[in-house]
Amino acid sequence: MNTVSRLDQRFAALKSENRPALVTYITAGDTSFESSLEILKGLPAAGADVIELGMPFTDPMADGPAIQKAALRALEAGQTQAKTLEMVRAFRQHDQDTPLVLMGYYNPIHRYGVERFLSDAASAGIDGLIVVDLPPEHDEELCLPAARHGINFIRLATPTTDAKRLPKVIENASGFIYYVSVAGVTGGQAPTPQRVEQAVGQLREHTQLPIAVGFGIRSAEQAATIGRFSDAIVVGTALVECIERAATPRDAIEAVHDLTRELAAGVRRAR
Amino acid sequence: MSMPTQADKASKFSDLAQQPDSRGHFGPYGGRFVSETLSFALEELEKVYASLRDDPEFQADFDYDLKHYVGRPSPLYHADRWSRELGGAQIWLKREDLNHTGAHKVNNTIGQALLAKKAGKPRVIAETGAGQHGVATATVAARLGLKCDIYMGAEDVERQKLNVYRMRLLGANVIAVESGSRTLKDAMNEAMRDWVTNVDDTFYIIGTVAGPHPYPEMVRDFNAVVGREARRQSLEQIGRLPDALIACVGGGSNAMGLFYPFLQDEEVAMYGVEAGGKGLETGQHAAPLNAGQPGVLHGNRTYLMSDEGGQIIDTHSISAGLDYPGVGPEHAWLKDVGRVNYVTANDDKVLEAFRELTHVEGIMPALESAHALAYAKVLAPTMRTDEHLIVNLSGRGDKDILTVAKIDGIEF
């Protein structure tokens, strides 16, 4: 098991460049396996530093309408956990450096089988997991087993995570901390930069891990503003909407990569 | 007459009433599988509930409302004529249909609304399937002056027009949920999303014994008045405990409310009746305990209807209130330990029971409750005439008149 993960390496490298990371989210298999794989493959060249790949689920309780619809489009097109891991393997044939994080909900992993899933994910080249409905109270389910497979477990902190709860949230976290900048679902209102800066400052008192900020960030301008004081910004809904709006798969691929390039420019002028 | 109490007994079921543990687990089920944003709110709720559940003043308020506002105790009615027709056990109906708002659901909404008030939340939200929980929530919100938003699947809004209008008359805002399969599970997803977004000023009144800890325990406790009354009434009216209990199970709140005070009474058999829909073999049903497997949804681990990929599959039932792919975690546990028998009743048998009770006893049951009645029709004839079974008549059928009329080819 490697001790320094791809996520650790990437964040260390960006720290020496003094710029925040751009983390991009797409749902695996939206709107087809082929077009989604092509979007995925092109993301690093377009400027994504870390990639979050959504594992579609029928009942994504923490997501807004855009990502819900993306999951249903992917499922409609026949996406499965096995196909998502196949996408990861295909991606890794061309890219050994870009950290890849799977994001989703517990039930599809539960059904796949935790040990089997972790071993398949590790061998496919997955670096981290974000599983929204597994808070620290349930670390024995997936977080601790993931660590044994060398997979980081990225923990969410939110505006409702108070100082008393924070140590528990951070205890078994690795990779980075994902600060959910607004109470709400993905794709909602924009965060207030001052409040986010304050919250990130408080988080830093408790952890050395890089801090990514997401939920409600859509534009290069927001990326630049939030990226001034965070280690990464996460954009999902805005990219997924590019896919939703596109008339053809080709348009979707171009639109996602175009917006990624804009956002990449944003994080590069953050500091 | 000596009345056996639960405390007298050390039966093999003596631990059952001690669930859940401090983390909300019923055996391997239950728990708190929620996004981080809600963790704080659930910790708060757990604290508020723990401080009030044994508080004499809170209990007195709750009991007062149950008596004077809901009209409790609800009668235990001997369905003498129907029993004779079926030619077996004596059937007793626990008349939750006679409660204010027409179902057991109000027991829980009264309790949770009192908590909301104590917690200082000016707004309540709820999910609803058949509309009974929505109506019960809108009712208590009206009485306590709380702002109220009800999430209801768009398909259910169509199926349960009367209840939708009732909720609106009560001053609630009914939001038709268009996402996913447009039924109860999607209403619950949307309510969770609302709660995550408005957690500061909003209390989420979950309507069943599912969801994250402490909801399964809390909703059971508020509904356990049904079983406590039935136990007492049984001792008074029958002179002993019943031989069997039957209740329908969607999420399972009416069943848990009836069963819980009897869990340690080894001699009382229990039957939970899931929605068999068009038949288990067709796949068109809502019977996770009979045909599902364990998984995690809506904050708890329980039996779920999901496919091989762990995706939640569409359910089917003639009754909107049972049209749900999960079930309360305590039921999952009671199934595994063998305390409760979980069976199914198909749509056609349910309709038959609905019509039969209406004709024979002059009581029109909710289609949900008619699942329990349909199983009583199966079980009673296998029992002796000096045996007794209690069926939870969890709700009245007025809301289902349009559904039944449509099946009869009548449009209003």
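Helices (DSSP runs of H or I, at least four residues) and strands (DSSP runs of E, at least two residues) are numbered from the N terminus. In chain B, the loop between α2 (56-70) and β3 (76-78) contains B:Pro73. The peptide bond that leads from B:Arg72 to B:Pro73 is cis, with omega near 0 degrees.

## Basis of the report

This is a predicted model, in which local features need pLDDT of at least 70 and side-chain atom pairs count only at pLDDT 80 or more, while totals for chains, interfaces and linings use all residues. Residues are numbered from 1 along each chain as its sequence is written, chains are lettered from A and ligands numbered from 1 in the order in which they are written, and side-chain values use heavy atoms, with hydrogens and water left out.

## An open sheet in chain B

Four strands of chain B form an open sheet with parallel pairing, in the order β7-β6-β5-β8. Two strands count as paired if DSSP finds at least two bridges between them. The edges of the sheet are β7 (173-177) and β8 (202-204) of chain B, each of which pairs on one side only. On average, and with direction ignored, neighbouring strands of this sheet are turned by 25 degrees against each other. Such angles run from 0 to 180 degrees between N-to-C directions, and the axes are lines fitted to C-alpha atoms, for helices over the stretch in contact.

Strand β6 (residues 147-153) of chain B runs parallel to β7(B) and is joined to it by five bridges. In one of these pairings, B:Gly153 has B:Val177 in β7(B) as its bridge partner. Helix α5 (residues 132-144) of chain B lies across β5 (123-128) and β6 of chain B, and its direction is at about 165 degrees to β5(B). Contact here means heavy atoms within 4.5 Å.

## A covered strand

Strand β9 (residues 244-248) of chain B is mostly covered, with five of its five residues buried. Buried means under 20% relative accessible area, exposed means over 50%, and partly exposed lies in between (1.4 Å probe, protein chains only). In a regular strand the side chains alternate between the two faces of the sheet. Both faces of β9(B) are covered: B:Ala244, B:Ile246 and B:Cys248 are buried on one side, and B:Leu245 and B:Ala247 on the other.

Five bridges connect β9(B) with strand β10 (residues 269-277) of chain B, and the two run parallel. The bridge partner of B:Ala247 in β10(B) is B:Gly272.

The peptide bond from A:Asp30 to A:Thr31 is cis, with omega near 5 degrees. A:Thr31 belongs to the loop between β1 (21-27) and α2 (33-46) of chain A.

Two residues of chain A other than glycine have a positive phi: for A:Asn18 the value is near 55 degrees, and for A:Phe215 it is about 80 degrees. A:Asn18 is in the loop between α1 (6-17) and β1 of chain A, and is partly exposed at a relative accessible area of 47%. A:Phe215 is in the loop between β8 (211-214) and α10 (220-227) of chain A, and is buried at 9%.

## Salt bridges

Side chains of opposite charge can pair when their charged atoms come close. A salt bridge is a side-chain nitrogen of Lys or Arg within 4 Å of a carboxyl oxygen of Asp or Glu. Over all chains, the structure holds 51 salt bridges. One of them joins A:Arg250 and A:Glu38 at 3.0 Å, N to O. A:Arg250 is in helix α12 (residues 249-268) of chain A and A:Glu38 in helix α2 of chain A, so this pair ties together parts that are 212 residues apart in sequence. A:Arg250 is partly exposed at 43% relative accessibility, and A:Glu38 is partly exposed at 36%.

A salt bridge of 3.0 Å, N to O, also links A:Glu244 and A:Lys69. These residues are 175 apart, with A:Glu244 in helix α11 (residues 237-245) and A:Lys69 in helix α3 (residues 65-76) of chain A. The side chains of A:Asp95 and A:Arg92 meet in a salt bridge at 4.0 Å, N to O, and both residues are buried. A network of salt bridges links A:Glu137, A:Arg165, A:Lys168, B:Glu36 and B:Glu43.
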